[in-house]
Amino acid sequence: MAWFTRQKPSLEGGPPTEGEKNVRTEGLWQKCEACGQIIWRKAVEENLNVCPKCEHHFRIGAAERLQQLFDDGRYEEHDGGLLSSDPLHFVDSKPYPQRLEEMRLATSLPDAVICGSGTLNGRPVEICALELKFIGGSMGAVVGEKITRAIERSLAARTPLIIVSASGGARMQEGTISLMQLAKLSAALMRLDEAGVPYISVLTDPTTGGVTASFAMLGDLNIAEPRALIGFAGPRVIEQTIRQKLPEGFQTSEFLLDHGFLDAVVKRPDLKNYISNTLSLFLA
Ligand SMILES: [Zn+2]
């Protein structure tokens, strides 16, 4: 069986024909997981990893997110040396320290958030971005502490705060200590609010659990990328609890916007300017 064929990949979408199935497209081309079209990878990258055909927003990592938002992709990273201890000596399918070590190797990150200072359209800001690939972007003591310190830097310098969420919620392996971060972060954000320093929360696919239940929904403005999954518990758990069928599109950005849980749904290519314009209004 051949590994290659000479046929060109279809650019017009639709399921591949028999001959096309063997075309290697990993390099220059990629298939959109939403519309199924074969698209030029460079065109996707230039569009900030949004499909140019159907506007599907591909998931991106924390480092790429900060690159997109900070001017020239440049920022000063903070608290990169904070590492989680194993306070509960937790073991599930493997010991927690081993899981952390594997995640650090796989992502080249110390934990599930990157926090940085820099400028956004010339204005000094603090931005934190969660990394979904690090134990599902889950919030343990390190994520809680790093974001709290970012809030405190915002407070001290009176610079706006932006947190970009992508998370499954609290970190199971840190149990109650993880849940305590909800209270700690909420209290810190209240101090920021009392000082009148703006905080914009950006929810991306997916944002669930304890992250939705704390800082992700506490922004002066809570905005989301299109078609992101946003919720607290999963739909099955809710259906079993309330014994009702859930409506179509439940837990998407657009549904939450229609029902007053979000202030706006903003496409990724518009995000930076949207945040910048909003901050101008807040600080006018
Ligand atoms: Zn697409």
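Two strands are taken to pair if DSSP finds at least two bridges between them. In the predicted model, strand β6 (residues 161-167) and strand β7 (residues 199-207) meet this criterion with six bridges, running in the parallel sense. Within this pair, Ser165 is placed opposite Leu203 of β7. Both strands belong to an open sheet of seven strands with mixed pairing, in the order β3-β4-β5-β6-β7-β8-β9. The edges of the sheet are formed by β3 (76-78) and β9 (264-265), each of which pairs on one side only. Strand β7 also contains Pro206, which is joined to Asp205 by a cis peptide bond with omega of about -10°.

For four tetrahedral donors the ideal angle is 109.5 degrees.

Helix α3 comprises 12 residues (96-107) and spans 16 Å from its first C-alpha to its last, close to the 16 Å expected at 1.5 Å a residue. Its buried residues include Tyr96, Arg99, Leu100, Arg104 and Thr107. These residues lie on the same side of α3, because they cover an arc of only 135° around the axis. In an α-helix, residues three or four places apart point the same way, because there are 3.6 residues a turn. Leu105 and Ala106, on the other side of α3, are exposed. The helix is followed by Ser108, which has a positive phi near 60°.

Positive phi values are also found at two arginines. Arg227, although not a glycine, has a phi of about 55° and is situated in the loop between β8 (221-224) and α7 (235-242). With a relative accessible area of 49%, Arg227 is partly exposed, since the exposed class requires a value over 50%. Arg243 likewise has a positive phi of about 55° without being a glycine; Arg243 lies in the loop between α7 and α8 (253-258). The relative accessibility of Arg243 is 73%, so this residue counts as exposed.

Methods. Residues are numbered from 1 along each chain as its sequence is written. This is a predicted model: local features need pLDDT of at least 70, side-chain atom pairs count only at pLDDT 80 or more; totals for chains, interfaces and linings use all residues. Side-chain values use heavy atoms; hydrogens and water are left out. Helices (H or I, at least four residues) and strands (E, at least two) are DSSP runs, numbered from the N terminus. The expected span of a helix is 1.5 Å times one less than its number of residues. Buried means under 20% relative accessible area, exposed over 50%, partly exposed in between (1.4 Å probe, protein chains only). The arc is that of the directions from the helix axis to the C-beta atoms.
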